[in-house]
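Please keep the sequence and the model at hand.

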Amino acid sequence: MDNLLTEFKSIPLLIRQSGQGIKNVKTLVGTSLFVAMNAALGYFKIVVIPKMLEISFSSLALAACAFTYGPIMAGFAGIICDNIKYFLNPSGPYMPLFGLNEFLTGFIYGLFFYKKELTIKRVIAARLTVVLLINMLLTPLWLHMLYGNAFIVLVQARILKNILLFPIDVFLLYTVLKATKRAIPVLS
């Protein structure tokens, strides 16, 4: 319990430290490289239901950015990534609220990973938070607002996808973050 309380108390400091990266050229360049990787990975997606259900691994680059540069830098990188991916390869009408999803994804990963010990439990908790908040709540809400489909139907379509992909996502996320941890001396 004390460990969890200590983690919550450290959040403002982590946010401040990450925000200071905006003034650092190396941090901006590194973040830009992660944005480019995210955009490149955005091209490799599996479309299950057009405009409604896609499988993509571009968030791995955003998680690596969050691990390296923190929640603020990864959050803003997420917004930039969303816009770049949309303008390079649009699928449906532009919805700026999807940028909020990307900001929150980067921010959440930053809170879980920035300057923290990388453990499988932490990766599972971070991925579960993103799945529940972003994939199961916000994305269906934005699609409901955009297309008028029933919210509950949109959530149901995502349940099976997220259950099946969860172990794969956790494995890939852990693997990518371990590789990022080895590369941090080069990136910072």
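F34 and Y69 are both buried. This is a predicted model.

## Aromatic pairs

Seven aromatic pairs turn up in a search of the whole structure. One of them joins F34 and Y69 edge-to-face, with 6.1 Å centre to centre and 65 degrees between the planes. This pair links distant parts of the chain. F34 sits in helix α2 (residues 25-42), and Y69 in helix α3 (residues 59-88), 35 residues apart.

Y86 and F87 also pair. Their ring centres lie 5.5 Å apart and their planes stand at 80 degrees; angles over 60 count as edge-to-face, so this pair is edge-to-face. F87 has a relative accessible area of 60%. The cut-off for exposed is over 50%, so F87 is exposed.

F76, F103 and F107 form a cluster linked by ring pairs.

## The serine at position 18

S18 belongs to helix α1 (residues 2-19). Is S18 buried or exposed? Its relative accessibility is 1%. Buried means under 20%, so S18 counts as buried.

The side chain of S18 has polar partners. It reaches the backbone oxygen of Y69 at 2.9 Å. A polar atom of the S18 side chain also lies 3.2 Å from the backbone nitrogen of M73.

Which residues does S18 touch, not counting those up to four places away in sequence? They are Y69, G70, P71, I72, M73 and Y114.

Conventions: Residues numbered from 1 in each chain as written. Predicted model: local features only at pLDDT ≥ 70, side-chain atom pairs only at ≥ 80, totals over all residues. Heavy atoms only, no water. Helix = DSSP H or I, 4+ residues; strand = E, 2+ residues; numbered from the N terminus. Buried < 20%, exposed > 50% of the residue type's maximum accessible area, 1.4 Å probe, protein only. Polar contact = N/O pair within 3.5 Å; in protein donor to acceptor, adjacent residues only side chain to side chain. Contact = heavy atoms within 4.5 Å. Phe/Tyr/Trp six-rings, centres within 6.5 Å; stacked < 30°, edge-to-face > 60°.
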